[in-house]
Amino acid sequence: MAVFSNFIGGEQVAGTQTVRNINPSNTDEVIGEFASGTAADVATAVAAAKAAFPAWSRTTPQERYDILKKASDEVLARKEELGRILSREEGKILAEGIGEAARAGQILAFFAGECLRLAGENVPSVRPGIGVEMTREAIGVVALITPWNFPIAIPAWKIAPALAYGNCVVIKPAELVPHSTWALVDILHRSGLPKGVLNLVMGKGSVVGQAMLEHPDVAALSFTGSVATGRKLAAACVAANPMKKFQLEMGGKNPLVILDDADLEVAVASAANGAFFSTGQRCTASSRLIVTEKVHNRFVDALTEKVKALVVDDALKLGSHIGPVVDQAQFDQDERYLEIGRKEGAKLHWGGERLNRATPGFYLQPALFTEVGNSMRIAREEIFGPVAAVIRVKDYDEALAVANDTEFGLSAGICTTNLKYATHFKRNSEAGMVMVNLPTAGVDYHVPFGGRKASSFGPREQGAYAREFYTMVKTSYTLAG
Ligand code: NAD
C-alpha cells in the first residue's frame, strides 16, 4: 500500500498516525495511507515557514516566477494523471478531474506572471518637499485550509498567490482528498522551492487546523469550506493574539432564474449542468431553479428528460456524466434532505434513488423537487448534493425577490433573451458573481471569485484581486530635502 508523508521543512516527514483514502466509486479500493498530522507537526511546519520567510520574501520576482512557471508546466504536462488522481479520490468524472488539474496549472502560470506585475504607487504629499510611496509586502506565514470538492484547484488558487507575493505557507487539505494536494506540493518542491517555504500537514480539522489557528506565528488564514466551520475559524482568528488576518469562502444556495422568454435549450442545459454536474457538490451549484409560470411545465419536462439521460457511474469510467457522492456522511446528508423535502410538502418529481453499480460506491440518482416554497429548508439550506428545487414564480419581479431571499450570496444566474431583464438582474442580484444564460457554476481564473452575505468574508480570491489578501500595504514618507 502506498504511504504518503507530510512535507515539513522541505522534507517528507512520516506521520505517527495515518488515515486511509478511499475511492468513493469503489469503496473496496484504498488509494493509500496518508499521514494524519499532530499539533507538534504543525509547530514544526510553522517554525520552518517562519525561518524561510526572510529569505523567500526577499527573492526577486524572477526567482519566484521561475518556480511557479516550472510547476505550472509540470502540472499541465501531467494533467491526465493528476486528473485521474483527483477523480479517484473525490468522485467527479475524469473529464472534470482533468479539467480541474489543468485549471491548477493555469492558475500557477497566472500567478507566476503576477510576481512580475506587483507594483506600488507614488504620490505627492499634501505637505511641501515630501514624497509618499505605497508599497505591498508579504504578510508572513499563511495558513491555508481547504475543502474536499475542488482538491487541486482550490489549493492551487491559495498556494500560488501566497508564494507569488512572498509569503510562506502551511496548508491542510480536507481529510477526504489529500492525494491531489500532496501531488501539487510535491511538484512545487521539485520545481525549486527553498526548504520550509511550503509545508503540507494533512489530517483532521479539529487537530491540524486547530493547531494552525492557535499558533501565534501564523499571520493569516485563507479558508474555504462550510459556513459553520468558517464562523468558528473567524472567531478564533479574532481571539488570537496577535489577531490573524482572515479570508473565508463558504457555502451557497445559488438561484438560477428562468424567464418565459428564455431559450429553453440554454435554460435546460444551464440548469442540468449547474445543478447536477460534479454531483451537485459545488459551492456555486444551481440548487434553486426559479421559473416563471408560463414556462414552468415545459421547463420541468425538458429538464427531467435531460436529467434522465445522465449516466451516474464510476468517476473513471468513460461515458459517466456524474460520479458518486464523496462519502457516506455526505450521502446520508443528501438522503436526509430528500426526506425533509418530502415532509415539507415539496414533490419529488424525479430521482433521489440510491443506485447499484458494478462496484460498491455512493451512487445517487440526481433528484428534482417541484412545488417548492422558498421558505422550505430544501430551498434555504445548502444540501451539497445532486438535489435541485424548482420554485414557481409569477414574473421577473417575484423571481428577483426570491433569488435574493437567501442568507447566501455566492453566484446567481438568469436565463432570458430580454436585455432589460438581464441588465436589471446583473445590477440587482445580491450575489458576488452573476451569470446570464450560463450555469451558476463555471468561472474564469484571472478574475475575482467570491460572494456576499454568508457566502464570503474578506478580500476576493483569484485574479490580481488576490493581492488584497496576500499582501499588506505600507505607506512611506520621505523628506526630499
Ligand atoms: P468543512 O467546513 O467541513 O471543512 C473545510 C476544511 O476545514 C477542511 O479541511 C476541514 O478539515 C477544516 N476544518 C473543519 N473543522 C475545523 C476546525 N475546527 N478548525 C480548523 N479547520 C477545520 O467543509 P467541506 O465539507 O470540506 O466542504 C464543503 C463546503 O465548502 C461547502 O459548504 C461548500 O459550499 C464550501 N465551498 C465553498 C467554496 C467557495 O469558494 N465559496 C468552494 C468550495 C467549497
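Me: Which element gives the most to the shell around the ligand?
Reply: α7 does, with three residues. Keep in mind that this is a predicted model.

Me: OK. Which elements give two or more residues to that shell around the ligand?
Reply: There are α7 (205-214), β11 (220-224) and α8 (227-239).

Me: Which residues come nearest to the ligand?
Reply: T146, S226, T229, M250 and E382, out of 26 residues around the ligand.

Me: What about K172, side chain or backbone?
Reply: Side chain. A polar atom there lies 2.8 Å from an oxygen atom of the ligand.

Me: How much of the ligand does the protein bury?
Reply: 88% of the 850 Å² that the ligand exposes when taken alone.

Me: Which pocket is the ligand in?
Reply: The largest pocket.

Me: Why does the ligand lie between domain 1 and domain 2?
Reply: Because both domains give residues to the shell around the ligand. Domain 1 covers 3-250 + 455-479, and domain 2 covers 255-436.

Me: Switching to backbone geometry. Is the bond from N241 to P242 cis or trans?
Reply: Cis, with omega near 0°. Most peptide bonds are trans.

Me: Where is P242 found?
Reply: In the loop between α8 and β12 (245-249).

Me: Last one, E371. Is phi positive or negative?
Reply: Positive, near 55°, and E371 is not a glycine. Most residues other than glycine have a negative phi.

Me: Where does E371 sit?
Reply: In the loop between β16 (367-370) and α12 (377-380).

Terms used:
Residues numbered from 1 in each chain as written. Predicted model: local features only at pLDDT ≥ 70, side-chain atom pairs only at ≥ 80, totals over all residues. Heavy atoms only, no water. Near = heavy atom within 4 Å. Polar contact = N/O pair within 3.5 Å; in protein donor to acceptor, adjacent residues only side chain to side chain. Areas by Shrake-Rupley, 256 points an atom, 1.4 Å probe, with all protein chains shown as cover. 1 Å grid on protein atoms, 1.4 Å probe; cavity = no way out; pocket = protein on both sides within 12 Å on 5 of 7 lines; lining within 4 Å. Sits in = over half its atoms within 2 Å of the grid points. Helix = DSSP H or I, 4+ residues; strand = E, 2+ residues; numbered from the N terminus. Domains from an automatic or database assignment.
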